[in-house]
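The sequence and structure come first, and the points follow by topic.

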Amino acid sequence: MVSSLLRLLAKVLALVLILTLAALMLGPFQVIEQASEVPDYIAHAEAFFLITICLFVLFDGRVLLLTGVLAAVLGGAVEVVQSRVGRDPSWSDFLADIVGIAVAVLLLAILGALIRSLSGQEHR
């Protein structure tokens with residue numbers, strides 16, 4: 001009971017974070033971005049690192065490669081939508097998205113392998 005409740009809570013929080021990040025990337029928040037001392041490419045990498053982890057949580061940790069592909073599709077979609085809502089799309093932002101996704105997928109793969117080896121399982 002507690003385990004299923006925690007999973008549900010994790011999924012809800014993951015979805016809220018994805019929607020919040022999407023709103024920040026697509027909404028009229030350029031002033032906030034310009035005031036931030038974080039370079040744009042770092043912000044994109046961080047956002048898509050988090051989005052990838054959130055998608056992994058939403059998929060119950062079962063499809064890591066598909067999670068990465070979906071995150072990359074979302075990154076591309078964000079750039080396309082930005083061009084239609086008065087924001088500036090860029091290939092460098094998309095590349096930063098891919099870097100964040102790759103780091104998240106790599107870390108999740110390493111953690112998964114570590115957890116399996118500690119629990120004595122070779123494969124799920």
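The model is predicted. A search of the whole structure gives two salt bridges and one aromatic pair. K11, D60 and R62 are joined in a network of salt bridges, while the rings of the aromatic pair belong to W91 and F94.

**Salt bridges**

- D60 and K11 form a salt bridge in which the closest N and O atoms are 2.9 Å apart.
- K11 belongs to helix α1 (residues 2–26) and D60 to the loop between α3 (40–58) and α4 (64–84), so this pair ties together parts that are 49 residues apart in sequence.
- D60 also meets R62 in a salt bridge, with an N to O distance of 4.0 Å.
- K11 has a relative accessibility of 24% and counts as partly exposed.
- R62 counts as exposed, with a relative accessibility of 63%.

**Backbone and exposure of D60**

- Most residues other than glycine have a negative phi.
- D60 is not a glycine, yet its phi is positive, at about 60 degrees.
- The position of D60 is in the loop between α3 and α4.
- With a relative accessible area of 33%, D60 is partly exposed; the limits for that class are 20% and 50%.

**Aromatic pair**

- A pair of aromatic rings is described by the distance of the centres and the angle of the planes.
- For W91 and F94 the ring centres are 6.3 Å apart and the planes stand at 80 degrees, so the pair is edge-to-face; the angle required for that class is over 60 degrees.
- Both residues of the pair, W91 and F94, are in helix α5 (residues 91–118), and they are three residues apart, about one turn of the helix.
- An α-helix has 3.6 residues a turn, so residues three or four places apart point the same way.
- W91 is exposed, at 73% relative accessibility, whereas F94 is partly exposed, at 22%.

**Helix α5**

- Helix α5 has 28 residues, and the distance from its first C-alpha to its last is 40 Å, close to the 40 Å expected at 1.5 Å a residue.
- The buried residues of α5 are D93, A96, D97, G100, I101, A104, V105, L108 and G112.
- These buried residues of α5 pack against α3 and α4.
- G120 follows α5 and has a positive phi, near 85 degrees.

- E79 is in helix α4.
- Its relative accessibility is 7%, so E79 counts as buried.
- Neighbours within four places in sequence aside, E79 is in contact with H44, D88, P89, S90, D93, F94 and D97.
- Among these contacts of E79 are D93 and D97, both of them buried residues of α5.
- F94, another contact of E79, is the α5 residue whose ring pairs edge-to-face with that of W91.

Technical notes
Residues are numbered from 1 along each chain as its sequence is written. This is a predicted model: local features need pLDDT of at least 70, side-chain atom pairs count only at pLDDT 80 or more; totals for chains, interfaces and linings use all residues. Side-chain values use heavy atoms; hydrogens and water are left out. A salt bridge is a side-chain nitrogen of Lys or Arg within 4 Å of a carboxyl oxygen of Asp or Glu. Helices (H or I, at least four residues) and strands (E, at least two) are DSSP runs, numbered from the N terminus. Buried means under 20% relative accessible area, exposed over 50%, partly exposed in between (1.4 Å probe, protein chains only). Rings of Phe, Tyr and Trp (its six-membered ring) pair if their centres lie within 6.5 Å; planes under 30 degrees apart count as stacked, over 60 as edge-to-face and the rest as tilted. The expected span of a helix is 1.5 Å times one less than its number of residues. Contact means heavy atoms within 4.5 Å.
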